[in-house]
Amino acid sequence: MGALGVALVAAVPMALTAPAVAAPAAGSTVEEGRLAQAAPREILRRSGFDQWEREFAQGLARVASFPEARRYVADEGRALWRRAVDRAQGRGPDGGDLSRDDDRPLYWARLGMTKELRQWRPEFALTEARRDALLDSLEQSSRGQDSIALPGGKEVLRVVVTGFDPFQLDDDARRSNPSGAAALALDGTTVRTASGKPARIETAVFPVRWADFAAGTVERTLLPHFRSGPRQADLFTTVSQGRPGRFDVERTNGAWRGGYPDNARVSRTEQVPIPAGVPTVRPQPQWTTTSLPYARIVAAGTGPYPVVDDTAVTEIPAGGGAPVDRPDGPTPGSTARAGGGGDYLSNEIAYRATLLRDAVRPGIPGGHLHTPVLEFGPGNTDPADGQITDPVFVRNRTAITGQVRAVVTVAASEAARK
């Protein structure tokens with residue numbers, strides 16, 4: 001397989017060329033524009049999350065000042081995150097017949113809220129900078145990024161796990177992301193390590209947008225929990241959807257963006273940019289490596305899918321030349337063109353998280369886990385006439401989530417031994 005194929009297959013297993021699509025309506029983003037499609041509307045209706053956009057807009061209409069708007073937006077974002085977590089974990093009303101473990105209602109409900117906030121015209125003066133600040137607050141709070149609450153004390157292990165939004169939605173707006181579903185299922189839960197020590201898991205979800213990563217959303221979320229202190233994380237795992245039929249523990253992450261369009265239909269082909277003002281390693285390294293106990297994870301028998309220690313990368317060798325696929329990791333002095341996890345945002349979150357680790361707490365175990373691709377059942381693969389869910393689809397997502405939990409438990413058990 002050529003270098004481009006290796007670079008993309010881990011994170012982008014479907015078509016490599018985005019289809020021609022209509023432009024979004026004036027005053028909305030590309031992502032918000034997809035809300036008009038039938039699949040998102042049905043997902044929202046069948047989960048009970050169709051109320052969020054309407055009720056959020058009604059609340060905005062009663063806001064009389066910017067300080068009040070800041071409080072209201074942050075509170076509503078956190079309420080949406082809590083509702084999605086509660087639904088995934090079996091608390092509260094199911095809201096409809098859509099499987100409780102579904103991550104898609106959170107994604108589409110958030111977009112309804114950002115659309116309303118973007119188009120809101122209050123009676124008081126609201127500058128674009130302040131509107132952007134409100135949008136940023138809504139993004140953070142509705143993704144769990146500002147509500148990671150790790151416990152103190154030596155009797156518990158503290159674990160941070162992250163997931164992603166659905167993506168490739170121009171190809172199929174029905175898509176779910178098992179990493180996001182796992183984040184909802186694991187947030188605030190406790191697993192028991194092999195030694196009996198409890199491990200508390202806190203989670204967050206990230207957008208599939210190049211610009212947010214360049215602006216520092218990953219570092220802003222993780223840095224408070226990487227710094228030394230009584231509530232510092234003892235383990236972290238970034239998670240994303242990867243290859244069909246297998247999990248991958250990504251050994252090496254590369255400092256390269258390969259340009260595949262994100263959820264906003266934006267492409268970026270460049271070295272991973274590090275935001276100003278965050279701790280980092282200088283000069284910027286081309287590669288970072290996992291510190292997860294990959295050998296133990298691979299050998300543990302965590303579930304129905306095989307787990308692979310993925311050591312492959314794509315590099316430009318020292319001295320230049322064409323990109324070369326390396327099955328056993330990078331060679332000295334090479335320039336990154338793809339980590340084991342490709343050159344998309346899954347590789348980038350792994351690179352950013354482990355680079356931040358190296359700058360702040362090099363000893364903390366952490367790295368990236370790729371899940372299998374979440375697939376619809378036979379006969380339900382065509383978005384033109386397919387259903388938004390089916391028994392195979394739900395069964396696959398449930399199995400992937402269960403195995404993510406098992407992998408995290410193995411990693412936590414190893415961390416508890418040290």
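Me: Is R118 buried, partly exposed or exposed?
Reply: This is a predicted model, in which local features need pLDDT of at least 70, side-chain atom pairs count only at pLDDT 80 or more, and totals for chains, interfaces and linings use all residues. Residues are numbered from 1 along each chain as its sequence is written, and side-chain values use heavy atoms, with hydrogens and water left out. Buried means under 20% relative accessible area, exposed over 50%, and partly exposed in between (1.4 Å probe, protein chains only). R118 has 25% relative accessibility, so R118 counts as partly exposed.

Me: Which residue meets the side chain of R118 in a salt bridge?
Reply: A salt bridge is a side-chain nitrogen of Lys or Arg within 4 Å of a carboxyl oxygen of Asp or Glu. For R118 the N to O distance is 2.8 Å, and the partner is E32. This pair links distant parts of the chain, 86 residues apart, with R118 in helix α6 and E32 in helix α2. Helices are DSSP runs (H or I, at least four residues), numbered from the N terminus.

Me: Is E32 buried or exposed?
Reply: The relative accessibility of E32 is 2%. E32 therefore counts as buried.

Me: How many residues apart in sequence are K115 and E53?
Reply: K115 forms a salt bridge with E53, and the closest N and O atoms are 2.7 Å apart. K115 lies in helix α6 and E53 in helix α4, so the pair ties together parts whose separation in sequence is 62 residues.

Me: How much area do domain 1 and domain 2 bury between them?
Reply: The domain assignment, which is automatic or from a database, gives domain 1 (30-142) and domain 2 (157-416). Buried area is the accessible area (1.4 Å probe) that two parts lose on being put together, summed over both. Of the area between these domains, 52% is on carbon and sulfur atoms, and the total is about 2,400 Å².

Me: How many salt bridges does the rule find across the interface of domain 1 and domain 2?
Reply: A search of the whole structure finds 38 salt bridges. Across the interface of domain 1 and domain 2, the number found is 7.

How values were computed:
Helices (H or I, at least four residues) and strands (E, at least two) are DSSP runs, numbered from the N terminus.
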